[in-house]
Amino acid sequence: RVLAANKNQLQAGRPIAYVIPGRVFRNEDLDARHEHTFHQLEGIYVDKGVHVGMLIATLKTFLSEYYQQDIEVKTQPFYFPFTEPSFEFALSCPFCKKQGCSVCSQSGWIELLGCGMIHPNVLKMAGIDPEIYTGFAWGGGIERLVMMKYGIEDIRHFHSSKLDFLRQF
């Protein structure tokens, strides 16, 4: 809907660039990194000449600023229905410094968000010519960003109503 509503920006020579927050409900097995209810931040960027390198650079720059340090990131192929190619975007685990712990399932990495290049069919459905314009999209949990920044080892604390947890902030 955002793409369709703002396609006139492309015709005026301006990109479509949005960051959109929202609440998510998901059928999820609960553990230290997964919760059934959370807040997600989604972003899109569409213009001429947009490529995967721009997506990765944008996310890495944002995360380095947010965490106030240079961060190590990796991408791995994944499937999301509205992007192609699609990736899982992961950060090195700040809790164990890539040594392996219960938060990162002994992997040394924490998946932070999903991302990819907007599928040409999505652009077509929005009335945008995918032969001229390309774009990227991403989405990730706000609680997970906060969890990693402040060393919160269990995402379930956010909905626990524990005063000792809340008083830290």
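Predicted model: local features only at pLDDT ≥ 70, side-chain atom pairs only at ≥ 80, totals over all residues.

User: Where does Lys98 lie, and what is its phi?

Analyst: Lys98 sits in the loop that links β4 and β5. Lys98 is not a glycine, yet its phi is positive. The value is about 70°.

User: Gln106 has a positive phi as well. Is Gln106 buried or exposed?

Analyst: Gln106 is placed in the loop between β4 and β5. Its phi is near 65°. The cut-off for exposed is over 50%. Gln106 has a relative accessible area of 56%, so the residue is exposed.

User: Cys104 is another residue of the loop between β4 and β5. Is Cys104 buried or exposed?

Analyst: In space, Cys104 and Pro94 are 9.4 Å apart, C-alpha to C-alpha. In sequence they are 10 residues apart. The relative accessibility of Cys104 is 1%, so Cys104 counts as buried.

User: How many disulfides does the whole structure hold?

Analyst: A disulfide needs two cysteine sulfur atoms within 2.5 Å. For Cys96, the nearest cysteine sulfur belongs to Cys93, and it is 3.7 Å away. For Cys115, the nearest one is also that of Cys93, at 19 Å. Searching the whole structure gives a count of 0.

User: Is Cys96 buried or exposed?

Analyst: Buried means under 20% relative accessible area. Cys96 has 11%, so Cys96 is buried.

User: Which residues touch the most other members of the largest nonpolar core?

Analyst: This core has 29 residues. At least two residues each come from α3 (52-67), β4 (83-92), β5 (109-118), β6 (134-141) and α5 (142-150). The members with the most contacts to other members are Leu63, Tyr67, Leu91, Leu112, Cys115 and Trp138.

User: Which residues is Cys115 in contact with, beyond its neighbours within four places in sequence?

Analyst: Cys115 has a relative accessibility of 2%, so Cys115 counts as buried. Its contacts beyond those neighbours are Leu55, Leu59, Phe80, Thr83, Pro85, Ser86, Phe87, Phe89, Ala137 and Trp138.

User: Another core lies apart from the largest one. How many residues does it have?

Analyst: Among its members are Ile118, Ala126, Ile128 and Ala137. This other core has 11 residues.

User: Pro85 is one of the contacts of Cys115. Which residue does a cis peptide bond join to Pro85?

Analyst: Pro85 is found in strand β4. The bond in question has an omega of about 0°. The partner is Glu84.

User: Which elements do the buried residues of α5 pack against?

Analyst: The buried residues of α5 are Glu143, Arg144, Leu145, Met147 and Met148. Gly151 follows α5, with a positive phi near 70°. The buried set packs against β2 (37-47), α3, β4, β5 and β6.

User: Asn27 is in the loop between β1 (16-25) and β2. What is the C-alpha separation of Asn27 and Thr37?

Analyst: Asn27 has a relative accessible area of 82%, so Asn27 is exposed. Asn27 and Thr37 are 10 residues apart along the chain. Their C-alpha atoms are separated by 8.9 Å.

User: What is the order of elements in the protein chain?

Analyst: There are 6 helices and 6 strands. The C-alpha trace spans about 50 × 30 × 30 Å along its principal axes. From the N terminus, the order is α-α-β-β-α-β-β-β-α-β-α-α.

User: How far apart are the centres of the positive and negative side chains?

Analyst: The chain has 17 positive and 18 negative side chains. The centres of these two sets lie 3 Å apart.

Terms used: Residues numbered from 1 in each chain as written. Heavy atoms only, no water. Core = buried A, V, L, I, M, F, W, Y, C linked by side-chain atoms within 4.5 Å. Buried < 20%, exposed > 50% of the residue type's maximum accessible area, 1.4 Å probe, protein only. Helix = DSSP H or I, 4+ residues; strand = E, 2+ residues; numbered from the N terminus. Contact = heavy atoms within 4.5 Å. Lys, Arg positive; Asp, Glu negative; His and termini not counted. Charge placed at Lys NZ, Arg CZ, Asp CG, Glu CD.
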